[in-house]
Amino acid sequence: MLSLLNRFKYGPVFASALLFNLAFPPFNLFLLVFVALIPWLLFLRAADKKSAIRSGYIFGLIFWLWQCNWIIPFVGKWTGSIGLALVPWLLIPTLVIWYFPILAALIHRAFGMGWLWAIPLLWAGMEFIRSQIPYLAFPWGLLANPLHSAPILIQPAAVGEIYLVSAWVVLANVLGVLIA
C-alpha cells in the first residue's frame, strides 16, 4: 500500500491523514500522533508553495471528513434520511477546511527559512485559533486529544493547556523528520 501511495504525488499527505485519524477513536492508536505527521512534514519540506497549499486542502478534507463522521448517523436517525445526513457531513469540512492550507503554507515557509522550532508553535497556534473562532470553533480533533488515555504524556497541559501538549507532539514529529 505504501508503494502505491509513493507513486501518487500526495501519497505522503494521505498517509499522514490516515495515521492521524487512526490515533483517534474508535481505533485509539494514540501513540501514532508522535509519528503521524512525519510523511506530511517531509512532503512540505520538499514541496513548492502551491503543492504545499494543496496538501493542506487534502489533509484537511480527510481529517475533517473523519472527525465529522458522527454527523451521518446522528442526522440520519434524526431525519430518517442518509441523503440528508450527507449534506452537513460534506458542508462542515468545506467551511472549516481552510485552517490546514494556511498551516501548510506557514510550515512550508518555516522549512524554507530553517525555522524548524517554529513548526510546533505554528501548529499549536492554529489549533488555538480554530478552537476560538465563534461559529467555526471546532475544538475537537486537536492533536493532543488521543493522548487522553495516557495521562503521564499530557502533563504539560497543566502549564500550557492542550495546545502545549500539541506543540510538543509536533516537536516529536519534527524530530522524526530530522532523523528521516
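1. Helices, as counted here, are DSSP runs of H or I with at least four residues, and strands are runs of E with at least two; both are numbered from the N terminus. By that count the protein has 9 helices and 0 strands. Its order along the sequence is α-α-α-α-α-α-α-α-α. The model is a predicted one.

2. Overall dimensions come next. The radius of gyration of the protein is 16 Å, which agrees with the value near 16 Å that a compact globule of 180 residues would have. The C-alpha trace spans about 50 × 40 × 30 Å along its principal axes. Of the contacts between residues at least 6 apart in sequence, 63% join residues at least 24 apart.

3. As to burial and surface, 44% of the 180 residues are buried. The accessible surface comes to about 9,400 Å², and carbon and sulfur atoms account for 75% of this surface.

4. In soluble globular proteins, nonpolar side chains tend to be buried together. The largest nonpolar core of this protein contains 48 residues, and Phe 20, Leu 37, Trp 40, Leu 41, Leu 44, Phe 59 and Trp 123 have the most contacts inside it. Two or more residues of this core come from each of α2 (11–22), α3 (38–46), α4 (49–67), α5 (71–79), α6 (82–96), α7 (99–113), α8 (118–132) and α9 (157–179). Helix α7 supplies the largest share, 7 residues.

5. Leu 37 deserves a separate remark, as one of the residues with the most contacts inside that core. Setting aside residues up to four places away in sequence, Leu 37 touches Ser 16, Phe 20, Phe 59, Trp 123, Leu 143, Val 170 and Asn 173. Among these partners, Phe 20, Phe 59 and Trp 123 also belong to the group with the most contacts inside the core.

6. Two further buried residues may be inspected. Ser 55 is placed in helix α4 and counts as buried because its relative accessibility is 0%, against a cut-off of under 20%. Beyond its neighbours within four places in sequence, Ser 55 is in contact with Tyr 10, Val 13, Trp 40, Phe 43, Leu 44 and Ala 104. Asn 21 is found in helix α2 and, at 6% relative accessibility, is likewise buried. Residues up to four places away not being counted, Asn 21 touches Phe 27, Ile 62, Phe 63, Trp 66 and Gln 67. Between Asn 21 and Leu 95 there are 74 residues in sequence and 20 Å in space, C-alpha to C-alpha.

7. Most residues other than glycine have a negative phi, and most peptide bonds are trans. Pro 26 lies in this loop, and a cis peptide bond with omega of about 10° joins Pro 25 and Pro 26. Asn 28 lies in the loop as well; its phi is near 55°, a positive value in a residue other than glycine. Asn 28 is partly exposed, with a relative accessible area of 39%.

8. Where in the chain is Trp 115 placed? Trp 115 is in the loop between α7 and α8. Its relative accessible area is 39%, so Trp 115 is partly exposed, a class that falls between the limits of 20% and 50%.

How values were computed
Residues are numbered from 1 along each chain as its sequence is written. This is a predicted model: local features need pLDDT of at least 70, side-chain atom pairs count only at pLDDT 80 or more; totals for chains, interfaces and linings use all residues. Side-chain values use heavy atoms; hydrogens and water are left out. A nonpolar core is a set of buried Ala, Val, Leu, Ile, Met, Phe, Trp, Tyr and Cys residues joined through side-chain atoms within 4.5 Å. Buried means under 20% relative accessible area, exposed over 50%, partly exposed in between (1.4 Å probe, protein chains only). Contact means heavy atoms within 4.5 Å. The radius of gyration is taken over C-alpha atoms; the globule rule is 2.2 Å times the number of residues to the power 0.38. Accessible areas come from the Shrake-Rupley method with a 1.4 Å probe; for residues, only the protein chains shown count as cover.
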